[in-house]
Amino acid sequence: IPGIERTADGRLWAIWYTGGEGEGPDNYVVVVKSDDDGATWSDPVLVVYPPGEVRAYDPVLWIDPTGRLWVFWAQSYGWFDGRSGTWAVTCGDPDAVRQTWTEPRRLWNGIMMNKPLVLSTGEWVILPAVWNRDPKRDDMNGDRFSNMIVSTDEGRTWTKRGHADVPDRLFDEHMMVELTDGTLRMLVRTTYGIGQSESTDRGLTWSPGEVWKYGPSTRFHLRRLKSGKL
């Protein structure tokens, strides 16, 4: 699950997870950087390797509107423990010679595989999901959805706004876009391809999930370009 970001000064950051012979508790996250447009790369600048049977995986890089670099990743006991968690550290100056990182912080339940979104309201949004698969923990019944988690204070605190419930989702890997009329459209990975749901009240409630595209059950990408096109 590789990811990449580029700073205002042109430094490239890349991330992925590795370790072990497959998906499991030996997985850990690696972050590297490049100052020559990717021709050469540094040794690992940051490694996330929790102790014991805890797996670190599905990482994401994001430079927020203030210029901070966020490193997000998921943690779980074993392959999947019915809950997982979205964790993050930040670096205030990703163009510095040496980076200083905050302490790791658990933001919410679930797994977030895609970059956050900034709405026209200025709110920041992350999209973690608790997978709808075994083991199904009773304390996760309210979070076993494609969730929308919002920060109104530039990432200091996060609160659940709402969630979409698209049938037959497997690994949600959901992404969202804000349309020009303020409607939020969410696409979700499903067993049949991609499902969708929409919200007209800033994410508090979502329409019943429905088929958007039939196809393979695989990761996809949704983003608005600077031109305004989707």
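Strands in this tour are DSSP runs of E, at least two residues long, numbered from the N terminus. The model in the viewer is predicted.

**The largest pocket.** Begin with strand β13, which gives the most to the lining of the largest pocket, with 3 residues. The space in this pocket amounts to about 340 Å³. Two elements give two or more residues to its lining: β13 (175-178) and β9 (117-118). Next, select Leu 117, Val 118, Arg 223, Arg 224 and Leu 225; of the 13 lining residues, these lie nearest the centre of the pocket. Colouring the lining by residue class shows 8 nonpolar residues, 5 charged residues and no polar ones.

**Pro 116.** Move to Pro 116, in the loop between β8 (105-109) and β9. Is Pro 116 buried or exposed? Pro 116 has a relative accessible area of 1%, and it is therefore buried, the cut-off being under 20%. Beyond its neighbours within four places in sequence, Pro 116 is in contact with Trp 62, Phe 72, Val 125, Ile 126 and Arg 223. Now select Leu 61: its C-alpha atom is 9.3 Å from that of Pro 116, although 55 residues separate the two along the chain.

**The sheet.** Select β9 again and follow the open sheet of 4 strands, ordered β9-β10-β11-β12 with antiparallel pairing. Strands β9 and β12 (159-164) stand at the edges; each has a single partner strand, so one side of each is left without a neighbour in the sheet. Within the sheet, β10 (residues 124-126) pairs with β11 (residues 146-151) in the antiparallel sense over 3 bridges. Finish at Trp 124, which stands opposite Ser 151 in β11.

Conventions
Residues are numbered from 1 along each chain as its sequence is written. This is a predicted model: local features need pLDDT of at least 70, side-chain atom pairs count only at pLDDT 80 or more; totals for chains, interfaces and linings use all residues. Side-chain values use heavy atoms; hydrogens and water are left out. On a 1 Å grid over the protein atoms alone, a cavity is a set of points where a 1.4 Å probe fits but cannot get out, and a pocket is an open set with protein on both sides within 12 Å along at least five of seven lines; lining residues have an atom within 4 Å of a point. Grid points are joined across faces, edges and corners, and a volume is the space filled by probe spheres set on the points. Ala, Val, Leu, Ile, Met, Phe, Trp, Tyr, Cys and Pro count as nonpolar, Asp, Glu, Lys and Arg as charged, and the others, Gly among them, as polar. Buried means under 20% relative accessible area, exposed over 50%, partly exposed in between (1.4 Å probe, protein chains only). Contact means heavy atoms within 4.5 Å. Two strands pair if DSSP finds at least two bridges between them.
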